[in-house]
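Hi,

Here is the structure I said I'd pass along.

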Amino acid sequence: MDDFAVIYEILRMLRDAMDYDEFDRSRLNAEKFNIRPKRLENILALLADSGYVTGISVTSYDNQRDVRVLNPRITLSGLEYLRDNSLMRRAARATKGIKDVIPGM
């Protein structure tokens, strides 16, 4: 799975989990996304550092990083990312559809 698809899926899962007290952390596993564990760790750290999620602890020391999933929650920025990304996907699909219908475009 491409990195942006993983990011989108993680944010979508966290958005859907807003109705519950806790997020099922077992859903955040590398095998589910068909990526290596280290890549998932880096994506989670990126989401936390970028302010799209809270509840993920990222500690750096001696050129190493420790990423711990505590109780992840999506932030307002994460919700905006989902909304904007969804709108861009729809616009791209619509543009492709128009190109398919109108020759020479």
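**The salt-bridge network**

Glu 9, Arg 12, Arg 15 and Asp 16 are tied together in a network of salt bridges, where a salt bridge is a side-chain nitrogen of Lys or Arg within 4 Å of a carboxyl oxygen of Asp or Glu. Before going further, bear in mind that this is a predicted model: local features need pLDDT of at least 70, side-chain atom pairs count only at pLDDT 80 or more, and totals for chains, interfaces and linings use all residues. Residues are numbered from 1 along each chain as its sequence is written, and side-chain values use heavy atoms, with hydrogens and water left out.

Asp 16 pairs with Arg 12 at 3.2 Å, N to O, and with Arg 15 at 3.1 Å, N to O. Arg 12 and Asp 16 sit four residues apart in helix H1, so about one helical turn separates them. (Helices are DSSP runs of H or I, at least four residues, and strands are runs of E, at least two, numbered from the N terminus.)

The cut-offs are under 20% for buried, over 50% for exposed and partly exposed in between (1.4 Å probe, protein chains only). Beyond its neighbours within four places in sequence, Glu 9 is in contact (heavy atoms within 4.5 Å) with Lys 32 and Phe 33.

The whole structure has seven salt bridges. Another one joins Arg 83 and Asp 84 at 3.1 Å, N to O.

The protein chain has four helices and two strands, in the order α-α-α-β-β-α. Of its 105 residues, 30% count as buried.

Leaving aside neighbours within four places in sequence, Ile 10 touches Leu 28, Phe 33, Leu 40, Ile 43, Leu 44 and Leu 47.

Cheers
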